[in-house]
Amino acid sequence: MTNFLSVKKFMETFGQEVKTKAEFPSDKIIKLRYDLIKEELGEFEDAIKEFEKSISLLPSFDAYQKKYECLTKLGAYQSKEEKKSPVFTRNDLLLLTKARLSFLVIITTVVGFILASKSNAVSIDWWLLIHTIIGCAFAAAASSIFNQLMEIDIDSKMSRTAVRPLPSKKIKPAIAFVLGWVFAAIGLVHLAVKVTPLSCAFAAATLFVYMFVYTPMKRKTGLNTLVGAVSGALPPLIGWAGAGGGFDLFAPYFLFGLLFLWQLPHFVAINWMYREEYESAGFMMWSNGDLNGKKKDNLAIVLILIQVG
């Protein structure tokens with residue numbers, strides 16, 4: 001939306017000139033000022049059309065006054081619009097709960113559940129799987145809400161995250177806090193009652209690591225990436241435990257290790273892509289100071305070799 005201070009500045013300039021100039025500026029100057037208005041207020045199509053009509057039909061001085069009148073009305077409209085509270089939409093809820101990330105968490109949970117069922121040589125209990133997905137989805141959404149609550153100040157400094165509901169003030173922190181606890185309670189209780197207590201324990205561990213270890217570490221050390229990968233690798237164990245899979249087997253630990261290692265090159269790439277924003281906002285990442293990407297490349301190669309090996 002157009003900056004209201006810019007609108008006000010134009011209004012004051014035009015107002016003073018209309019009142020004080022005995023001789024009206026040349027048509028060329030009028031055209032230049034009109035172009036400035038059009039560039040500044042381009043999103044207001046009706047006002048622009050009115051400006052164009054006034055220029056084509058009225059004498060120069062009348063056209064200038066007409067533009068000033070339109071601009072005054074536009075400024076009043078802008079001021080009224082900026083006083084309105086931002087509206088919290090369905091898309092904002094998806095941003096608040098990081099829906100895409102939560103969907104990936106659900107996918108890895110489902111994979112763990114299916115593999116555990118296979119290891120037990122039993123058919124998949126679809127109702128139990130649905131209950132596992134429900135509990136996991138609420139827990140994942142809760143962790144995202146709490147993460148954003150703890151990083152409002154940081155998110156507001158980065159263009160990539162400034163549009164999120166909390167830094168853009170589309171939802172009050174107190175409401176988001178309550179919503180986070182409600183989602184966490186629903187998710188954990190649902191897993192404990194409808195699935196298995198062990199699946200609930202893994203979900204609680206994921207929440208704890210993500211909220212109270214990974215998120216604070218992002219401001220202190222680049223090792224936060226390793227801790228973040230731990231919380232990201234736990235969901236398959238939620239699914240494994242939900243299906244009643246045994247932990248005396250190698251499979252669940254392999255799943256955890258595989259997902260842990262798979263995330264790291266991905267995180268390294270993202271860190272480097274947004275390194276300037278992360279640094280200016282105050283995050284401590286592996287990519288900090290890596291201007292030419294050499295550190296990023298070396299880390300990625302080492303991590304890929306570990307996985308291949």
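User: So helices here are DSSP runs of H or I with at least four residues, numbered from the N terminus. Which helix does Ser144 lie in?

Analyst: Ser144 is part of helix 7, which covers residues 126-149. Keep in mind that this is a predicted model.

User: Is Ser144 buried or exposed?

Analyst: Buried. Its relative accessibility is 2%, and buried means under 20%.

User: What does Ser144 touch in there?

Analyst: Skipping residues up to four places away in sequence, Ser144 touches Leu96, Thr97, Lys98 and Ser102. With Thr97 there's a polar detail too: a polar atom of the Ser144 side chain lies 3.3 Å from the backbone oxygen of Thr97.

User: Switching to rings. How many aromatic pairs does the structure hold?

Analyst: There are 12 aromatic pairs in the structure. Take Phe146 and Phe177: their ring centres are 6.1 Å apart and their planes sit at 75°, so that pair is edge-to-face.

User: Which parts does that pair tie together?

Analyst: Phe146 is in helix 7 and Phe177 is in helix 9 (residues 173-195), so the pair ties together parts that are 31 residues apart in sequence.

User: Is Phe146 buried or exposed, and how about Phe177?

Analyst: Phe146 counts as buried at 6% relative accessibility. Phe177 has a relative accessible area of 43%, so that one is partly exposed.

User: What about Phe247 and Tyr253, how are their rings arranged?

Analyst: The centres of the Phe247 and Tyr253 rings are 6.3 Å apart and the planes are at 70°, so this pair is edge-to-face. Phe247 is partly exposed at 23% relative accessibility, and Tyr253 is partly exposed at 46%.

User: Which residues do ring pairs link into a cluster?

Analyst: Phe146, Phe177 and Trp181 are linked into a cluster by ring pairs.

User: Which residues lie over the faces of Tyr274 and Trp272?

Analyst: Arg160 lies over the face of Tyr274, 4.3 Å from the ring centre. Over the face of Trp272 you'll find Arg275, at 3.9 Å from the ring centre.

User: New topic: helix 10. How does its span compare with what 21 residues should give?

Analyst: It agrees. Helix 10 (residues 197-217) should span 30 Å at 1.5 Å a residue, and its end C-alpha atoms are 29 Å apart.

User: Where does helix 10 bend?

Analyst: At Tyr210, by about 30°. Tyr210 is also one of the buried residues of helix 10; others among them are Phe202, Leu207 and Tyr214.

User: What do those buried residues pack against?

Analyst: The buried residues of helix 10 pack against helix 6, helix 7, helix 9, helix 11 (224-233) and helix 12 (235-242).

User: Last one: Leu198. Is it buried or partly exposed, and what does it touch?

Analyst: Leu198, which is in helix 10, counts as partly exposed at 39% relative accessibility. Not counting residues up to four places away in sequence, Leu198 touches Ala241 and Phe247.

User: How far apart are Leu198 and Ala241 in sequence and in space?

Analyst: They're 43 residues apart in sequence and 5.9 Å apart in space, going C-alpha to C-alpha.

Conventions. Residues are numbered from 1 along each chain as its sequence is written. This is a predicted model: local features need pLDDT of at least 70, side-chain atom pairs count only at pLDDT 80 or more; totals for chains, interfaces and linings use all residues. Side-chain values use heavy atoms; hydrogens and water are left out. Helices (H or I, at least four residues) and strands (E, at least two) are DSSP runs, numbered from the N terminus. Buried means under 20% relative accessible area, exposed over 50%, partly exposed in between (1.4 Å probe, protein chains only). A polar contact is a pair of N or O atoms within 3.5 Å; within protein, one must be able to donate a hydrogen and the other to accept it, and residues adjacent in sequence count only if both atoms are side-chain atoms. Contact means heavy atoms within 4.5 Å. Rings of Phe, Tyr and Trp (its six-membered ring) pair if their centres lie within 6.5 Å; planes under 30 degrees apart count as stacked, over 60 as edge-to-face and the rest as tilted. A charge sits over a ring if NZ of Lys or CZ of Arg is within 6 Å of the ring centre and within 35 degrees of the ring normal. The expected span of a helix is 1.5 Å times one less than its number of residues. The bend at a residue is the angle between axes fitted to the seven residues ending there and the seven starting there.
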